[in-house]
Amino acid sequence: MAIQHRRISRRTMLAGAAALGLTGSLAACGGSDDNDDSGKNDGDSGRPVKLTYWSWAPNMDKVAAIWNKKNPNITVTVSKQVSGGEIVGKLITAKKAGNAPDLIQAEYQSLPTLVSNDVLADIAKYAGDAKSEFSEGLWGMVTLGTDAVYAIPQDSGPLMFYYREDLFKQHGLSVPKTWTEFAETARAAKKALPNAYLTTFSANDPGLFAGLSQQAGAKWWTVDSGGQWTVGIDDAATRQVTEFWGGLVQEGVIDNQPMYTPAWNNALNKGTHIGWVSAVWAPGVLVSSAPDTKGKWRMAPLPQWKTGDDVTGSWGGSSTGVSTDSEHAEAAAEFARWINTDPEALAALVKEAAVYPAATKGQSGSILTTPEFFPNQPDFYDTAAQIAATTAASAWGPNVTIAYTTFNDAFGKATKAKKEDQFLTALTTMQSKTFDDMKKQGFKVAEA
């Protein structure tokens, strides 16, 4: 999917930031124009530099230790954070106090919020040729469709379809290549296994719903060169996804239970859920959720809306950004490039932090070994790399949290009702509440 780049200034991205709790002068401050240096250039100073890195990934300090050993003049200290969701509020608070960390692990959907709050620096002039290390869709997630670079991609979560290979063979079920075939397989599975379902629609996972909509071509938020946002959550692509899943739930061939519960774990482990639309990190979940099924699952590309298409969505993933408070932006950006593109760093991220690298050279080969839970699919990561390369560019906005919270509530009611029309009502509610929130906060905003 092509990304149309347009020149959008930091002033544009900061539009409405005052309403997010910052002072009214923020958008007019010296750091908001297109020539913002976002930190001092330390490359030729030769003086020791100490950087702080906020990250929630496990063992990130061990990865940083490799850098520190090789770069004694630029020392990175990792400050462990609780989660990607909680880090956003802490960063905005730290920015207000003028003491945000130098380096930030940020989820892709959080980037517009952090940029709007002037937390993330534009490191385009320090990024070098980093763009060539990533797929077009992933790189678009850190540029927000502009000429700026607000982070370097770290890990990704391309969507895939997981299925019980043994049960599919036993009952003559076909692995779906299109969503039409997916519906047919769901019906066939229900007929063959009356007490089971192909999978479930989970109302506690807005990230998965967003990824499925992304695959269908949805652009939930867009912003023009004048700083006006458009909210398009209730667009044709997302309605297609909503009608599809709502219809299957109403038909009774897809379950309506939330994921990540004891009941869901049991359904996977006992074979009453025989498929799962998930991301590349799913094997790690299956190890604990369905321990009795090792070697029985297989992964395939996500079904497509049109025969011959080859695109997937994304569920999860994060990046490494540099804060506008950092006095050592160049050194910080150098570390951000290293940790996300250097072969030794990528290997350490896989081994120590258990991430799936965003860099294409880290997605296959010796860096990754076949997941222990998938001994029957030795080409797991080769296939995953091919899928990851087709990830569509996302379109996030500055109030993702509102959209996600509304999804949980509105779609939660719809799934319990098992009515397709209530799924569509839930989508409309998600659109209206997201739009109203942006308008209330002072953003220039329109509806698609």
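Me: Which residues line the largest cavity?
Reply: The largest cavity is lined by Thr 199, Thr 200, Phe 201, Ser 202, Asp 205, Leu 208, Phe 209, Leu 212, Trp 245, Met 259, Trp 276 and Val 277. A cavity here is a set of points, on a 1 Å grid over the protein atoms alone, where a 1.4 Å probe fits but cannot get out, and lining residues have an atom within 4 Å of a point. Please keep in mind that this is a predicted model, in which local features need pLDDT of at least 70 and side-chain atom pairs count only at pLDDT 80 or more, while totals for chains, interfaces and linings use all residues. Residues are numbered from 1 along each chain as its sequence is written, and side-chain values use heavy atoms, with hydrogens and water left out.

Me: Which helix gives the most to that lining?
Reply: Helix H8 gives the most, with three residues, and H8 (206-216) and strand E7 each supply at least two. Helices (H or I, at least four residues) and strands (E, at least two) are DSSP runs, numbered from the N terminus.

Me: How do the lining residues divide into nonpolar, polar and charged?
Reply: The lining of the largest cavity divides into eight nonpolar, three polar and one charged, where Ala, Val, Leu, Ile, Met, Phe, Trp, Tyr, Cys and Pro count as nonpolar, Asp, Glu, Lys and Arg as charged, and the others, Gly among them, as polar.

Me: How many cavities are there, and how much space is in the largest?
Reply: A search of the whole structure finds three of 30 Å³ or more, and about 90 Å³ of space lies in the largest. A volume is the space filled by probe spheres set on the grid points, which are joined across faces, edges and corners.

Me: And what about the second largest cavity, what lines that?
Reply: The second largest cavity, with a volume of about 80 Å³, has Ala 210, Ser 213, Gln 214, Ala 218, Lys 219, Trp 220, Ser 394, Ala 395 and Trp 396 in its lining.

Me: New topic: which residues of helix H11 are buried?
Reply: In H11 (residues 282-289) they are Ala 282, Pro 283, Val 285, Leu 286 and Ser 289. Seen down the axis of H11, these buried residues fall within an arc of 155 degrees, so they line one face of the helix; the arc is that of the directions from the helix axis to the C-beta atoms. On the other side of H11, Gly 284 and Ser 288 are exposed. Buried means under 20% relative accessible area and exposed over 50%, with partly exposed in between (1.4 Å probe, protein chains only).

Me: What do the buried residues of H11 pack against?
Reply: They pack against strand E4 (152-164), helix H10 (262-270), strand E7 (275-279), strand E8 (297-301) and helix H14 (380-388).

Me: Why does Ser 289 count as buried, and what does its side chain join?
Reply: Ser 289 is buried because its relative accessible area is 8%. A polar contact of 3.0 Å joins the side chains of Ser 289 and Asn 265; a polar contact is a pair of N or O atoms within 3.5 Å, and within protein one must be able to donate a hydrogen and the other to accept it, while residues adjacent in sequence count only if both atoms are side-chain atoms.

Me: Is Gln 105 buried or exposed?
Reply: Gln 105, which lies in strand E3 (residues 103-107), counts as buried because its relative accessibility is 2%. The side chain of Gln 105 reaches the backbone nitrogen of Ala 57 at 3.4 Å.

Terms used: Contact means heavy atoms within 4.5 Å. On a 1 Å grid over the protein atoms alone, a cavity is a set of points where a 1.4 Å probe fits but cannot get out, and a pocket is an open set with protein on both sides within 12 Å along at least five of seven lines; lining residues have an atom within 4 Å of a point.
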